[in-house]
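Please look at the sequence and the structure before reading on.

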Amino acid sequence: MGPTAIRLGYGRPMAAPGRRTHGPTRSAAGAAALVGTLILSSCELPRFGAPDAASDEGGAVLGLWQGFFLAAIVVTLFVWVPLAFVLLKYRRQKGDDRVPSQRAYNIPLEVAYTAIPVLIVAALFFFSVRAEEKVTAVAAEPVAQVEVIGFQWGWQFRYRGEGFTVDAPPGEKPQLVLPVDAASNLELVSTDVNHSFWVPDFLSKRDLIPGVDNEITVTPSRLGTYEGRCAEFCGLDHWRMGFTVRVVSLDDYRAWTAERRSSAEASSEGGGSGGTEASDDPTSSSGFSDSTEEGGR
Ligand SMILES: [Cu+2]
């Protein structure tokens, strides 16, 4: 038996003619060390192409993505490194006409390569459920409770308990203002067809379905202004359904709601000349003509 022969439980060790190599364990260890160095050198896990999450819920999704990606890298190395080793080392050599071992069946090996993938899938399932619970949990005492109304083709944000509504003239994007590091509940309501509330930086989205009470909690983790859009093709002017989310400090949020509230009160006292601020029918302020509606079906 050659010094580099590996024994996989077959009748005789695989022939090891030709050059000596370092063996699969060392190659795998080297590859693992390389990945480890890459990970540690950046001090935090790479995001593998995902955007940096701007919300706690998005952080859970990002963590799941990173875990899946790392698991995929480990599995890939575990498969490809030994495979490449065997392909190279045990390829047919010149002048070697021996028939390799023809023995089949190795119960311990077969049990192992059935059990290990099952364990991997179970672990991934566990972490998926944990992340899903985090993303779908609705806060009991949110700082902001906003009814997000999607319609063909725009958005309206009604701040519950504050007495004002935010929307925008046709062609402009309404802005949802949320406090940072605080839970905000968004009730997702559609007045016509299916839409989808999506802020890419929050790494999550949820559909607005007529007759379905969808509610999500968003806990923004970074100050800034983020783009949002409808992620469900909802008609001809679907592309118009943009909005922005401005994440501000809790103090700024309270100041903003106070200002909005007082200007809404002033406009309602002045005979409702405040325009779109608190209209009941979101489509009445959309200004889109009826003729475009037919094309949207
Ligand atoms: Cu839409």
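## Terms and basis

Two strands are said to pair if DSSP finds at least two bridges between them. Strands are DSSP runs, numbered from the N terminus. The model described here is predicted.

An open sheet is formed by 5 strands, arranged in the order 4-10-9-6-7, and its pairing is mixed. At the edges stand strand 4, residues 175–179, and strand 7, residues 204–208, each of which pairs on one side only. On average, neighbouring strands of this sheet are turned by 25° against each other, direction ignored.

In general, the strands of a sheet pair through backbone hydrogen bonds, in either a parallel or an antiparallel sense.

Strand 6, which spans residues 195–199, runs antiparallel to strand 7 and is joined to strand 7 by 5 bridges. Within strand 7, Lys 205 is the bridge partner of Trp 198. Strand 6 is also antiparallel to strand 9, residues 224–230, with 2 bridges joining them. In strand 9, Trp 198 has Arg 229 as its bridge partner.

The pairing continues from strand 9 to strand 10, again in the antiparallel sense, over 6 bridges. Here Arg 229 stands opposite Gly 242 of strand 10.

Helix 4, residues 250–269, lies across strand 4 and strand 10, the latter covering residues 242–248. The helix runs at about 130° to strand 4.

Key. Residues are numbered from 1 along each chain as its sequence is written. This is a predicted model: local features need pLDDT of at least 70, side-chain atom pairs count only at pLDDT 80 or more; totals for chains, interfaces and linings use all residues. Helices (H or I, at least four residues) and strands (E, at least two) are DSSP runs, numbered from the N terminus. Axes are lines fitted to C-alpha atoms, for helices over the stretch in contact, and angles run from 0 to 180 degrees between N-to-C directions. Two residues are in contact if their C-beta atoms, placed from the backbone, lie within 7 Å.
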